[in-house]
Amino acid sequence: MTTEQRTDDWVSGYDLILAEVGETGRRLTREEIQARRTLGERAADAGIPLRTLVGRHLAMTREHWPVTALTPAAVDGVLAAVEQSVDAFASGYERAQRMAVRQEEAARREFIDDLLYGRSDLGRVAERAERFGLLLSHAHAVAVAVGPEPYDETDPVPQVVERALTGRFGERSILVTTKDGRLICVAPADQEEVLLYFAKQAHAATDGGQVAVGRPHSGAGGVVQSYEEALNALDLAERLDLDEPVVRSADLLVYPVLTRDRQAIADLVTSVLGPLTEARGGAEPLMDTLIAYFDAGCVAAQAARELSLSVRALTYRLARIHRLTGHNPAEPLHRYTLQTAVLGARLAGWPGTPL
């Protein structure tokens, strides 16, 4: 079957319209316009290129040009009919394409929700994953990026990041999407360079946003676990004022241990750091001192620079902490107790938030 024979099914009746218009000079009826739209929709569903179909309309216009259309008025009427026919056909074609895109987007969004939240049968999720380029029989890791504003897949930021990834790595079983205003990247665990490059691109595209990377896990359930780890890492980074552009959940495993027994942490913070509330100016300046001191690796000079203090003033504050709490930051065992209590306080928002 030739190309013309295949496409003639989608321009059926067009020659009759040309003949009648040439004789009567009428315009297309509402029924004829709807019929043209319907044919356009069906052609789109069949996957026939619109350019080919428009070309066939023009070819048939030449083949079936009415011999009666000789006067300027008659020629104008036929051309108007050609314009109406092609316009209605293209309108139907484009409508079918928009519907197909919306259906594809809905299917993709439903799959992403099921993949990240594990709300559907995991075996079914694994089957559907292949359609989107993921082989969930392998281990995957998830990276999550946040910026100053929420994003969805129609925004320029995720599109820029996705183009950068596919431009460098091709498809390579990578899924880039958005969820709850965040950028998400799911990649095979043995391709760590993909997630690192995603983190670099997302950090730049979001104007210095932060990226968290979950640990690799196997199967559809592993994607859910890695995603949750990345979200928890972002939450911990915010609560601890961590400003690193990339945080890894594997580096933060001690913090979930601290938060698992909230009552125990509350008791530790109250008993160890509670006496700081008796200091002039409250506990916050001394807490800031401990945080800067521990973040500086217990190097007094570096901590003093961070707090815009002299080393002597910092040393005085540390001595005051020792007197109030009974714990000396300079002694290893006391330092461990103080540092653990400080971490617990930061996670709980103390002293700003009551325990």
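Residues are numbered from 1 along each chain as its sequence is written, and side-chain values use heavy atoms, with hydrogens and water left out. Because the model is predicted, local features need pLDDT of at least 70 and side-chain atom pairs count only at pLDDT 80 or more, while totals for chains, interfaces and linings use all residues.

View 1. Helix H11 spans residues 262-273; helices (H or I, at least four residues) and strands (E, at least two) are DSSP runs, numbered from the N terminus. Its 12 residues reach 16 Å from the first C-alpha to the last, close to the 16 Å expected at 1.5 Å a residue (the expected span being 1.5 Å times one less than the number of residues). Look for Ile265, Ala266, Val269, Val272 and Leu273, the buried residues of H11. They sit on the same side of H11 because they cover an arc of only 155° around the axis, taken from the directions from the helix axis to the C-beta atoms. Gln263 and Ser271, on the other side, are exposed. Buried means under 20% relative accessible area and exposed over 50%, with partly exposed in between (1.4 Å probe, protein chains only).

**View 2. The packing partners of H11.** The buried residues of H11 pack against helices H10 (254-260), H12 (284-295), H14 (311-325) and H15 (332-348). Contact here means heavy atoms within 4.5 Å.

**View 3. Strand E1 and its neighbours.** Strand E1 (residues 139-146) is largely enclosed by the rest of the structure, because 6 of its 8 residues are buried. E1 runs antiparallel to E3 (residues 182-188), with 6 bridges, and Ala141 stands opposite Ala187 there. Strand E4 (residues 210-213) also pairs with E1 in the antiparallel sense, over 4 bridges; find Ala145 opposite Val211. Another antiparallel partner, E5 (residues 217-218), is joined to E1 by 2 bridges, with His140 opposite His217. Two strands pair if DSSP finds at least two bridges between them.

**View 4. Thr340 in helix H15.** Thr340 is found in helix H15 and is buried, with a relative accessible area of 16%. Its side chain reaches the backbone oxygen of Tyr336 at 2.9 Å. Not counting residues up to four places away in sequence, Thr340 touches Leu258 and Leu268. An unreviewed UniProt entry annotates residues 286-342 as "domain: PucR C-terminal helix-turn-helix"; such annotations may be inferred rather than shown by experiment. Over residues 286-342 the chain is 77% helix and 0% strand, with its end C-alpha atoms 11 Å apart.

Methods
Polar contact = N/O pair within 3.5 Å; in protein donor to acceptor, adjacent residues only side chain to side chain.
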